[in-house]
Amino acid sequence: IFFRILLFSMVIKGLAVSKLLSPADVFWWRVCQPQNPMVINILASSTTGVWTPASVKEAIEPQVKDNIRLKSIPVPTKFGGGRPYLLLGLLLGLLLDLLLRGGLGTLTAWGTGIGALYEFLFCGWKWTWVPVKDFNIEDYIKLHVLDQPTEDCLHDFINKEISAQLPKDRGQFKVIILHNVEGGGSKLLFRFHHIVGDGAGIGMWFHQVCNGDAESSGSPLKPKIAKLNPDDATSKSFLTKVHDLVGFVVVELIIAVAGVLKMLLMTRDSNSPFKGPNLGNKKTVLTASRMELKVDEVKAIGKLEGKSITVNDTVCALLAGTFRRYFKSCRLHPEQMTLRVCLPINMRRSLHGPIVLHNQFSLVFKSLPIHLPTPEERLANFHVRMGLMKLGFEPNLGMLLMRALTWLPDRAVDLVVDHFTVCSSAVMTNVNGTQKPYTLGGHVIDQAGFWVPSSGDLGVGISILTYGPSINIGLVADDNLIADWEPFVACMQEEWADMKQQLMREHAHPPTNVPVHPREMLQPSALHGAPDHSR
């Protein structure tokens, strides 16, 4: 698949658009449901300029006209493509025939073969992009004037818009220009179906729209290159190298087995206000309009606990404390609860060269440390467990599972999605934006945020975006679960104030011994906030 992507991709400056539909792409098309559309929704704001359909068209048209993923619809190939059900069914029947000496084995072969043939002809396997007839980019750019210049009116419109699916017979994107917004200026609501690409690909597409050259300054995707010491390769003896290699292989096998067992034996998540059936009406909020989270401040707070603490660790510890505080306000007991979230993990080997616009990420499940009482413990716990996850097999296993589900019938896919929905409460993603604000259509984007989609009855989405000097957290949930986000945002404001106060006060004492090296990570203790049970 890797070499096919290289051979059959068309490069648009620094962005490569994959012409192929991989199993990871098709997965998001198949799990899209009316009550939970698999659509990524992005809101960009400008307080100084007013976008028009003409200016937006001029800005995005160069990155749309040659983009097959935005001008086409995914269609399964009815005949051909090699769906393996018929072959596997016949092989299974022959095997049973040999074991049972006829009778049941022959019946199994015919029954499985007929069922597999029906499945093969019904939904196929090989999907392709079919261009939309008479495609006109103006049909995908709409102008809407809000009835009132208030935030409530804005979110009422957004809630109604993102609750609806994109038409499946049209290109899988949409741009809505919003006028008469609070504070003046205008806003842009971009909608992309997840089959178009993941966060890294769509982020690079935006960078191309705004800057033109992916290698210019301000690119959100700047990989860090580790500096290697040439003396390290020759300083160790041969036996030492063999010993290290054997130890590495043993540890990797242990972690791989543990990751597989963990995913297969994952238990049901605790009942909470965030679990329940989805009815399809969404409620959204962006925290930037209610609280200020500066990147430098968040980074400084995290560094108080250790040099290896990242901004993502600090924000996720903040969210864990917010959930804990919110559950207490609902008269629940977070010490006895688990809150597992689904985390997308970028699986691109390198960000050098063209970034391919497709889906190349995995999903892992992690429980937020809501059971721990102090911000210091929650921060250390999340940092250690994310470090263990990066060492483990879970991201590869999650990506393998996503690809494997593409080969299964719809009913089997629904059962697997329902299982993971029961075992988790929310999907949470983090996107590193640009430090330098973008300019689109001649106007500077002052603020940006987005809302991540969720599948099944997983009705809560948490989206963390670093844009410019600030961090904006987008929250979306089905209104059957959360009818009003205000109490949750209030808990977040209180938690951030207490978190800063406690960590700054405790900084006068020796900080928590947050492990940095892999060997230390593999030996967690109560000091690091690692629980001694399934949480």
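Let's begin with a pair of strands: β10 (residues 339-346) and β12 run antiparallel and are joined by eight bridges. Within this part of the model, which is a predicted one, Val341 sits opposite Lys366 in β12.

Now for the sheet around that pair. It is an open sheet of six strands with mixed pairing, in the order β9-β18-β17-β13-β10-β12. At its edges stand β9 (282-286) and β12 (361-368), each with a single partner strand, so one side of each is left without a neighbour in the sheet. From one strand to the next, the twist averages 20 degrees.

Helices lie across this sheet too. Helix α14 (residues 394-405) lies across β10 and β12, and runs at about 125 degrees to β12. Over β9 and β18 (470-478) you'll find helix α7 (residues 151-162), running at about 130 degrees to β9.

There is another open sheet to look at, with five strands in the order β6-β7-β8-β3-β16 and, again, mixed pairing. Its edge strands are β6 (141-145) and β16, each of which pairs on one side only. Here the twist averages 20 degrees from one strand to the next.

Which strands pair over six bridges in the antiparallel sense? They are β7 (residues 173-179) and β8 (residues 186-193).

As background, an α-helix has 3.6 residues a turn, so residues three or four places apart point the same way.

Helix α13 is mostly covered as well, with 13 of its 17 residues buried.

| Helix | Residues | Reach | Expected at 1.5 Å a residue |
|---|---|---|---|
| α7 | twelve residues | 16 Å | 16 Å |

Next, a meeting of two helices. Helix α11 (residues 295-303) and helix α12 (residues 311-329) pack with their axes 8 Å apart, at an angle of about 90 degrees. That makes α11 roughly perpendicular to α12. On the α11 side, Val298, Lys299, Ile301 and Gly302 are involved, and they meet Val311, Thr314 and Val315 in α12. The residues of this contact divide into four nonpolar, two polar and one charged.

Ser455 is found in the loop between β16 (447-451) and β17 (460-467). Is Ser455 buried or exposed? Ser455 counts as buried, because its relative accessibility is 17%, and the cut-off for buried is under 20%. Apart from neighbours within four places in sequence, Ser455 is in contact with Val31, Asn36, Met38, Val417 and Thr421.

Finally, step back to the whole protein. Its secondary structure comes to 17 helices and 18 strands, and buried residues make up 50% of its 535 residues. Among contacts with a separation of 6 or more, 80% are between residues 24 or more positions apart.

Conventions:
Residues are numbered from 1 along each chain as its sequence is written. This is a predicted model: local features need pLDDT of at least 70, side-chain atom pairs count only at pLDDT 80 or more; totals for chains, interfaces and linings use all residues. Side-chain values use heavy atoms; hydrogens and water are left out. Helices (H or I, at least four residues) and strands (E, at least two) are DSSP runs, numbered from the N terminus. Buried means under 20% relative accessible area, exposed over 50%, partly exposed in between (1.4 Å probe, protein chains only). Contact means heavy atoms within 4.5 Å. Two strands pair if DSSP finds at least two bridges between them. Axes are lines fitted to C-alpha atoms, for helices over the stretch in contact, and angles run from 0 to 180 degrees between N-to-C directions. Angles under 35 degrees count as roughly parallel, over 145 as roughly antiparallel, 65 to 115 as roughly perpendicular and the rest as oblique. Ala, Val, Leu, Ile, Met, Phe, Trp, Tyr, Cys and Pro count as nonpolar, Asp, Glu, Lys and Arg as charged, and the others, Gly among them, as polar. The expected span of a helix is 1.5 Å times one less than its number of residues.
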